[in-house]
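The following questions and answers go through one protein model step by step. Please keep the sequence and the coordinates open while reading.

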Amino acid sequence: MHNKNRANALSIKMNRPLTNMYKYIFLILLFLVLTSCENDNKVEREIAKIEAPFTIERFDKAFAETTPEKLQDLKQDYPFMFPEKYNDSFWLERMKDTLQQELHIETQKKFQNINPEKGEIESLFKHLKYYFTAFKVPRVVTTTSNVDYRNKVVVTDTIVLVSLDTYLGSDHYFYEGIQDYIKSHLKSEQLVVDLAEKYAARYLFQQTRKTLLDELIYAGKILYFKDKVIPFKTDFEKIGYTAEELNWAKANEEEIWRYFVDKELLYSTDSKLPKRFINPAPFSKFYLEEIDNESPGEIGKFIGWQIVKSYMDNNDVSFEQMLSKEAKTLFDNAKYKPRK
C-alpha cells in the first residue's frame, strides 16, 4: 500500500508540469487569437472611414421605360451598352419583345429596393481602396441579359455591369431547367461575392496553371481575397456552398488531402483534374461512389483555401505580396496540415 501511494504521488508530480504546460500553451494561443481579432477590428474600423460614393445606374429600367423617340438619348448616355454591330431596328424590336418586358417586370419586383446590395458593393469598394490604393470606384450599371448566368457580372477599370435577371432567387421560374448546382448561385446574396471574385482575378498574379497544385493555389488565393474584401459574408457564401456542404468539407479535409497525395495528383498535368475538383459541378469526382454522392463540387477550391490560409498564418508577408507568389513557393512554405 505504501508503494502504491508513492506511485500515485509520483504520478501526480509528473502530471503537474504537463498540466501547467498545457495551460501556458492555451494562454499563448488565446493571446494570439485575441490580438489577431483586435488587429482585424482595427483594420475594419479604418476601412469604415473610407469614402467610396457611387450610384447604381438602372440601365435595365431606363431601357424598359424609354420610347423610340428617346432611344438616341439613351445611346448617348450608355454608348457601351449598344454594340455597333446592331442597328437601331434591333433595339426597337427588343423594346417590344414580350420576353424582355417580362424580364423587366420580374427584375423590378425583386430589385425595387436595391439598397441592401448597394451597401454590400460599397463595402467591397472600401476594402478594395484600402488594400489597393490605385483602385478607382467605377460606374455601376445594371442590365438584363436573358439569364446569361455564365456572365452575371462584368468588371472593367471604369465600369461594372450587373445582370440583375441572374439574381432573382434560386427558385425563380426563369431558372426552370437549369441544374440545381447552378441555380443555387442565382440569388441576390451572391451578387457581391461574384463581384469580389471578378476583382480577385484582376489582382492575382496570372501564373500559368499547369498542375492541379497550380489550380488549388489559384482558387485558394481567390477565396482568401474574398476573406479580405468581403469579410461580412459567410465562408459558405464565399465558396458558394450551403452550410452543410462546407461542414462536410471541413469534416473530410484530411481524407481529401490524403487522396490527392496518395494518388499523386498534386503535380499531375492531367487536363481532367480541374473538371473533377475545381470547376462548377454537382459533386466532386473521386470515382468513389460513397464519397462522390456526398461531396460538394469544387472541393479543390476548399483545399486550396486552407493551404493559402496556412501560408498566411506561418509567414510574415502581406496580403498583396501573397497574391504574387508562385504556387509551388507558396505551398512549400505553407506548412499546411489538414484538420483531422
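Q: In which helix is leucine 74 found?
A: The model discussed here is a predicted one. Within it, the helix made of residues 71-77 takes in leucine 74, and that helix is H3.

Q: Is leucine 74 buried or exposed?
A: Leucine 74 touches Phe59, Ala62, Phe63, Thr66 and Phe82, when residues up to four places away in sequence are not counted. One of these, phenylalanine 63, is 11 residues apart from leucine 74 along the chain, and the two C-alpha atoms are separated by 7.6 Å. Because a residue counts as buried under 20% relative accessible area, the 7% relative accessibility of leucine 74 makes this residue buried.

Q: What is the order of the strands in the open sheet?
A: The secondary structure of the protein comes to 17 helices and 4 strands. The open sheet has 4 strands with mixed pairing. Strand E1 (56-58) and strand E3 (153-155) stand at the edges with a single partner strand each, so one side of each is left without a neighbour in the sheet. Read across the sheet, the order is E1-E2-E4-E3.

Q: How many bridges join strand E2 to E4?
A: Strands of a sheet can pair in either a parallel or an antiparallel sense. Strand E2 (residues 139-143) and E4 run parallel, and in this pairing threonine 143 stands opposite serine 163 in E4. The number of bridges that join E2 to E4 is 5.

Q: Which residue in E4 is the bridge partner of valine 154?
A: E3 and E4 form a hairpin with 3 residues between them, and they pair in the antiparallel sense over 3 bridges. In E4, which is mostly covered, with 4 of its 5 residues buried, the bridge partner of valine 154 is leucine 161.

Q: At about what angle to E3 does helix H8 run?
A: Helix H8 consists of residues 191-203 and lies across E3 and E4. Aspartate 194 lies in this helix and, leaving aside neighbours within four places in sequence, is in contact with Lys152, Val153 and Tyr167. The angle at which helix H8 runs to E3 is about 35 degrees.

Q: What is the relative accessibility of aspartate 194?
A: Aspartate 194 and lysine 238 are 44 residues apart in sequence, yet their C-alpha atoms are 8.7 Å apart in space. The limit for a buried residue is under 20% relative accessible area, and aspartate 194 counts as buried because its relative accessibility is 14%.

Q: Which side chain of opposite charge is nearest to aspartate 165?
A: Aspartate 165 has its place in the loop between strand E4 (159-163) and helix H7 (180-183). Although aspartate 165 is buried, it has no salt bridge, and a salt bridge would need a nitrogen of Lys or Arg within 4 Å of a carboxyl oxygen. At 7.6 Å away, the nearest side chain of opposite charge is that of arginine 94.

Q: Which residue has its backbone nitrogen 2.8 Å from a polar atom of the side chain of aspartate 165?
A: Not counting residues up to four places away in sequence, aspartate 165 touches Leu103, Thr107, Thr143, Thr144, Ser145, Asn146, Val147 and Tyr175. The backbone nitrogen that lies 2.8 Å from a polar atom of the aspartate 165 side chain belongs to valine 147.

Q: With which residue does aspartate 227 form a salt bridge?
A: The closest N and O atoms of this pair are 2.8 Å apart. Aspartate 227 lies in helix H9 (residues 212-229) and its partner in helix H10 (residues 235-239), so the pair ties together parts that are 11 residues apart in sequence. Both residues are buried, and the partner of aspartate 227 is lysine 238.

Terms used
Residues are numbered from 1 along each chain as its sequence is written. This is a predicted model: local features need pLDDT of at least 70, side-chain atom pairs count only at pLDDT 80 or more; totals for chains, interfaces and linings use all residues. Side-chain values use heavy atoms; hydrogens and water are left out. Helices (H or I, at least four residues) and strands (E, at least two) are DSSP runs, numbered from the N terminus. Buried means under 20% relative accessible area, exposed over 50%, partly exposed in between (1.4 Å probe, protein chains only). Lys and Arg count as positive and Asp and Glu as negative; His and the chain ends are not counted. A polar contact is a pair of N or O atoms within 3.5 Å; within protein, one must be able to donate a hydrogen and the other to accept it, and residues adjacent in sequence count only if both atoms are side-chain atoms. Contact means heavy atoms within 4.5 Å. Two strands pair if DSSP finds at least two bridges between them. Axes are lines fitted to C-alpha atoms, for helices over the stretch in contact, and angles run from 0 to 180 degrees between N-to-C directions.
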